[in-house]
Amino acid sequence: MHATHLTIAVGMALAWLVAGWGCAPREPSGDVSEEHGVPPHKPADLSSAIVQIERRFAELVRDPDPAGPRFAERLQEMIDIVRWLPYIAGESDLPEAQWNVVHQASERLQPLLQQQYARVQRGAPAELQSVQSLLEATLAELRQVASSQPQAIDPPAGPIPGDVP
Amino acid sequence: MIETALWGGSLRCVQALVLAAPTILVSLFVTGLLARLFGPKLTRQLYGGSGWRSLVQSWTLGMLLPGCSLGVIPISRELCRAGLGGSAVLAFALTQPLFDPLSVLYGLTLGKPLIVFAFAGCSLVLVMVVGSLWDRLHPDSPALEPMPVPVQAGWPRLLSILLVVLREAAGPTMVYVGIGLMGTALLGALLPFGALSRAMNGGNPWAPWTMTWVAIPAYATPTLAMSQLGSMFQHANSAGAALQLLTLGAGLNLGLLAWILATYGWRRTLTWMGLLLVASLSMAYALDRPLHPRDVEPADHTHAFDIYCCPFHANETHLAPLAQQRFREALALPQVIPVGILGALMLLGAVLQVVDPQHRLEKWLEVAEVSRAASRYDVHIPAPVVGGLLLIGVVAMSIVGCFAYYPHKHEVFQEMQMVRAEALLAANLMDARKAAHYIQLWDAWTRRLEVGVFLREWHLTPYQKIKAKILRDKLELLRHEVESDDHEATKIMIRQVNDAYVRLQKAFNPPTPPLLSRDE
């Protein structure tokens, strides 16, 4: 390797860095430790999620404009809640077999609701009656799971280090 | 300010060296094999010679061999010496650092493992497009140095491989490695603490562009890049930026660029870089929306790229003792062992260079006839067979290494128990730096738990996956609460993290490991 090549290589390396420097922010762009945003419609636990789905579905069925933007927004929020069901149930002490019921319920409902959302996006009115019977059966299943849920978790696997009671 | 930059840059440089040392050692060994056991003809055959086939073969071999963008430099030099076409060499140089068995397994724990395969496909398209256009523009590729002639089997052949390793360790390869490490050091010195925390947010049209400029001087091992990809998809960051991070962050560094420039000259290098930038940026912007994870709540910021920025705040009051502590952490056993071996090879290579600058030892080995007593067990094995077996051995060892890196779940929970103690103690004491360090380790252990179970049981239930994800999410929230110095919120998060950990243990169903005291 010639010495000139090495000089050129080092020069190019430095030039590259200088050239790209303008693209990166020079200061941290705000409070780094800001909390991650939790959507306002995210339910706290499985029971509230079931109540929310039930209530929101009833409101959507009664909506006089099942193709409007407000309807689409609320339907999307309901899909979010259905999608979050396994995560919300996972934050509890639900055993695996019962959690699987929640997971399967979420997987079953999501595509049906997505289909309705796609209809609304195309400008066609949603046909929520076609989903109603399955949704009600699924919600009954979920209510059963939620009612059997342990109220408090078992004691942790040891004291929390540094924790002062 | 300057002091912070100097300490920050030096620490990042040392951290990168520690990460790179094992793969540089493997690459030096592979270089020795190619030079002394395969020879130019077989090496060209192995990598497909020239044309489309060579691009695909180089890409495939690059995917199989463990390595990184610094370790690929000596192998690329050897491929050049063997007379392999420039586009094939560059295809190998760009793709060998992207994946290895460790990182692919790590990628399987991501929310959508298909992304890993999609990105691998993108890298193939990239090297094919750039390579074929480059070949068309610059059809002739120079073979720079004469290849060494074969050496007689037995100890002369083994010694000749060692000599290649030593010459490379003390030769131009290490200059390029040094330039590569300087890129990381410069980023660490110039980018302020947390400067990239919001730069890659999803929906930011500048994210792939910004990542391009950061990723090229940055050094990332395949596993580091994969963990950052995981974090990017977990935070719903820009998918285009994620692609740039993998292809340019893991694939390139300033040292590799310097070698390409020194080998192929200004015109060819600029052409290649131009084609690479246009193709990779086009692909990144084309895939940004389709690959964006829509089922993930976008996060306001991420700590995934803190490793490319200065590790210290500009107003850090106890900079020197803090920096010294971070150096001690970076250079702790056992990760410093490969650095020591590399240093020893460099020293021996330098001595060899001083004692024998004319390569007389190699010439003597090439002509020496060593008489041996005939034995029925002393079977002559041709050099290419030995080389091929050793090369397969390297790949096999990296697969076996996966079982060590991703241990059995009982071992993982033993480790996690200790990390948990340190992390929660630090959080309780509101020690943000220490808490962040142990939370990061704890997070990594949750992924290693998933991969370890998958490796051994070939199955991971959705229940286990969600429990691991919830713990990771809680850990991140805990880190933020400690950083924001909110005592009450931290207490709540500590409780939630602990509960999530207990649930994770139950999901993976191991017997609870005995509690270890802090002294143990």
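How many salt bridges does a search of the whole structure find over all chains? The search gives 26. This is a predicted model, where local features need pLDDT of at least 70, side-chain atom pairs count only at pLDDT 80 or more, and totals for chains, interfaces and linings use all residues. Residues are numbered from 1 along each chain as its sequence is written, chains are lettered from A and ligands numbered from 1 in the order in which they are written, and side-chain values use heavy atoms, with hydrogens and water left out.

**View 1. A salt bridge joins A:Glu141 and A:Arg108.** A salt bridge is a side-chain nitrogen of Lys or Arg within 4 Å of a carboxyl oxygen of Asp or Glu. Here the N to O distance is 2.9 Å. A:Glu141 lies in helix H5 (residues 129-147) of chain A and A:Arg108 in helix H4 (residues 96-121) of chain A, so the pair ties together parts 33 residues apart in sequence. Helices are DSSP runs (H or I, at least four residues), numbered from the N terminus. A:Glu141 is partly exposed, at 33% relative accessibility. Partly exposed falls between buried (under 20% relative accessible area) and exposed (over 50%), with a 1.4 Å probe and protein chains only.

**View 2. B:Arg81 pairs with B:Glu168 in a salt bridge.** Their closest N and O atoms are 2.9 Å apart. B:Arg81 sits in helix H3 (residues 72-81) of chain B and B:Glu168 in helix H7 (residues 155-169) of chain B, so the pair ties together parts 87 residues apart in sequence. B:Arg81 is buried, with a relative accessible area of 12%. B:Glu168 is buried too, at 5%.

**View 3. B:Glu450 forms a salt bridge with B:Arg472.** The closest N and O atoms are 2.9 Å apart. B:Glu450 lies in helix H18 (residues 432-457) of chain B and B:Arg472 in helix H19 (residues 462-483) of chain B, so the pair ties together parts 22 residues apart in sequence. Both B:Glu450 and B:Arg472 are buried.

View 4. The buried residues of H8(B) include B:Thr173, B:Tyr176 and B:Leu187.

**View 5. B:Leu361 and B:Leu163 are 8.7 Å apart in space, C-alpha to C-alpha.** In sequence, 198 residues separate them. B:Leu361 lies in helix H15 of chain B. B:Leu361 is partly exposed, with a relative accessible area of 30%.

Methods. Helices (H or I, at least four residues) and strands (E, at least two) are DSSP runs, numbered from the N terminus.
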